[in-house]
Amino acid sequence: MTDAYLSLGSNIEPERHLRAALAALRRRFGEVLVSPAYRTAAVGFEGADFINLAARIHSDLEPAALDDWLHALEEAQGRRRDGPRFSSRTLDIDIVLYGDRVVRGPGHLEIPRADLRHAFVLKPLADIAPDVLVPGDGRTPAQLWAAHPEHGRDWEVVSLDSCD
């Protein structure tokens with residue numbers, strides 16, 4: 001079993017889709033550690049605000065198989081892949097960290113995820129994994145977050161009811 005840290009986001013009925021995703025993760029992987037959920041502006045396109053959070057699961061799947069499983073979960077929640085890459089979506093789940101592994105795989109599988117540079121990925125990750133070393137970087141999410149330009153700004157926390 002390997003600790004996998006995931007970034008989850010949605011800007012189409014986000015509370016419903018994120019609750020469903022967390023429930024599916026719990027059914028498949030058991031205990032899920034979940035960060036607070038934050039409302040953030042869309043990045044890379046004009047669109048409704050996203051709700052973003054991070055989650056830690058204990059995975060028995062290799063990274064590519066986990067990525068496939070997560071894509072199937074996204075699609076079960078109505079995710080469409082036939083539009084622009086940066087667009088509104090029902091559900092987006094990415095593997096940010098997978099143990100101490102560095103992975104480049106099929107599709108957009110990249111671990112550690114380059115999206116760590118974005119506050120909407122890094123802030124929730126730092127909440128639940130402040131002291132985990134980022135492979136290939138040597139710093140922790142807490143250290144990366146402390147140096148981030150958006151560190152210190154107010155973050156709107158969103159309740160997902162029974163998701164925590």
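**Aromatic pairs and buried positions**

W155 has a relative accessible area of 14%, and because buried means under 20%, W155 counts as buried. The model is a predicted one.

The structure holds 3 aromatic pairs. One of them joins F29 and W69: the ring centres are 5.2 Å apart and the planes stand at 80°, so this pair is edge-to-face. F29 is part of helix α1 and W69 is part of helix α2 (residues 63-76), so the pair ties together parts that are 40 residues apart in sequence. W69, at 24% relative accessibility, counts as partly exposed.

Another aromatic pair is formed by W145 and W155, again edge-to-face, with 5.6 Å from centre to centre and 70° between the planes. W145 sits in helix α4 (residues 141-146), while W155 sits in the loop between α4 and β8 (156-158), so this pair links parts that are 10 residues apart in sequence. W145 is buried, at a relative accessible area of 8%.

The relative accessible area of L25 is 0%, so L25 is buried. Which residues does L25 contact, leaving aside its neighbours within four places in sequence? They are L6, L8, G30, V32, I57, W69, L70 and L73. W69 in this list is the ring that pairs with F29, and W69 lies in helix α2. L25 can also be placed relative to A55: the two residues are 30 apart along the chain, and their C-alpha atoms are separated by 9.3 Å.

Strand β1 covers residues 2-10 and pairs with β5 in the antiparallel sense, over 6 bridges. Within this pairing, Y5 has L97 of β5 as its bridge partner. Strand β5 (residues 92-98) is mostly covered, with 7 of its 7 residues buried. In a regular strand, side chains alternate between the two faces of the sheet.

Key: Residues numbered from 1 in each chain as written. Heavy atoms only, no water. Buried < 20%, exposed > 50% of the residue type's maximum accessible area, 1.4 Å probe, protein only. Contact = heavy atoms within 4.5 Å. Helix = DSSP H or I, 4+ residues; strand = E, 2+ residues; numbered from the N terminus. Pairing = 2+ DSSP bridges. Phe/Tyr/Trp six-rings, centres within 6.5 Å; stacked < 30°, edge-to-face > 60°.
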